[in-house]
Amino acid sequence: MKLAQLLFTQGFGTRRECAGLIAAELVTIDGAICDNPNRELVPEGLQFSVRGEPWSYRAQALLVMNKPVGYECSQKPKHHPSVYSLLPAPLRNRGVQAIGRLDEDTSGVLLFTDDGTLIHRLTSPKHHVPKVYEVSCKHPVDARQVDQLLGGVLLHDENETVRAAACEATGTSTLRLTLVEGKYHQVKRMIAAVGNRVSSLHRSAFGEVRVEGLTPGGWRWLPGDPLDLPTAAISGMPLGT
Ligand code: URA
C-alpha cells in the first residue's frame with residue numbers, strides 16, 4: 001500500500017491532507033523521515049510516527065476505554081462532553097463507535113471499533129456477552145434482593161422478566177451484577193425493581209476485557225483480529241493486556 005493511502009486508511013485526514021503531512025516531513029518510518037507519498041509498504045505490522053507520535057497500522061480499530069463519569073456516549077452530547085472527545089483525532093476520523101453505551105454517570109469498560117459487523121455481533125442479544133457491573137446502592141443490600149435479581153424482576157414498561165446471570169453482595173450496600181443483555185438503564189431499573197437505588201455504577205468487565213491499569217479517560221488497543229472477540233469473550237480467553 002502506498003504511504004499516502006496508508007495514512008488515509010488510519011484516519012490522518014483526506015488524501016490531500018495525508019500527502020501534505022508527508023510533504024511537510026512529519027511522517028517517519030523506522031525512525032527516518034519518509035517524504036515519498038508513493039512509497040510502497042506492507043501495512044501489516046507497520047510502525048510509523050506522525051508529528052512525533054508513534055502508531056501501528058491496524059486494518060480495523062478495536063480499543064477499550066476506562067470511561068470516566070461526567071461523559072456522554074453520544075457523538076452529539078446534550079449536557080456533558082462526549083467520550084469521543086477523549087480519543088485522538090485519527091480514531092474519530094476513521095469512524096470508531098462505542099459498542100453499546102454507558103450512562104453519563106457510569107464509569108468503566110467501554111469498547112470502540114470501526115468494524116460495523118463487530119458492533120452488531122457484540123450488541124446482539126444472541127451472543128450473550130457477559131457484562132459485569134460493580135453497583136453501589138443507596139440502601140443496604142439484603143439476601144432477598146440478591147435472590148430477586150437472580151430469579152428475575154419485571155422492569156417498568158417491560159412484559160418479560162430479566163434476571164442477572166450472576167449476583168453477589170460485595171459489601172453492606174454494594175453488589176457485583178453480571179448481565180448478558182443490554183437494555184436501557186438496565187442495572188438502575190433492576191435495582192429499582194427490588195426496592196433499592198443505584199448511587200454509583202462501574203462496569204468492570206465486558207466479556208474478558210477489563211480496564212485495570214487505565215486511568216479514567218485512558219484507552220488502549222485490544223490485540224488480535226476483532227472478529228475473534230465474541231468467541232474469545234464467551235470462552236473466557238484473555239483479550240486485554
Ligand atoms: N445499566 C445502567 O443502568 N446504566 C449503565 O450505564 C449501564 C447499565
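Guide: Let us begin with a term: a polar contact is a pair of N or O atoms within 3.5 Å; within protein, one must be able to donate a hydrogen and the other to accept it, and residues adjacent in sequence count only if both atoms are side-chain atoms. This is a predicted model, in which local features need pLDDT of at least 70, side-chain atom pairs count only at pLDDT 80 or more, and totals for chains, interfaces and linings use all residues. Residues are numbered from 1 along each chain as its sequence is written, and side-chain values use heavy atoms, with hydrogens and water left out.

Visitor: Which backbone N or O atom lies 3.5 Å from a nitrogen atom of the ligand?

Guide: That atom belongs to Gln186. Of the 240 Å² of accessible area that the ligand has on its own, the protein covers 95% (Shrake-Rupley method, 1.4 Å probe; for residues, only the protein chains shown count as cover).

Visitor: How is the protein chain divided?

Guide: Domain bounds come from an automatic or database domain assignment. Here they give domain 1 (3-56), domain 2 (62-125 + 207-235) and domain 3 (130-206).

Visitor: How much area do domain 1 and domain 2 bury between them?

Guide: The size of an interface is often given as the accessible area lost when the parts come together. Buried area is summed over both parts, with a 1.4 Å probe; for domain 1 and domain 2 it is about 470 Å², 62% of it on carbon and sulfur atoms. In domain 1, the residues that lose the most area to domain 2 are Gln10, Gly11 and Trp55, together 78% of what that side buries. Between these two domains, 2 residue pairs are in polar contact.

Notes: Buried area = accessible area lost by both parts, 1.4 Å probe.
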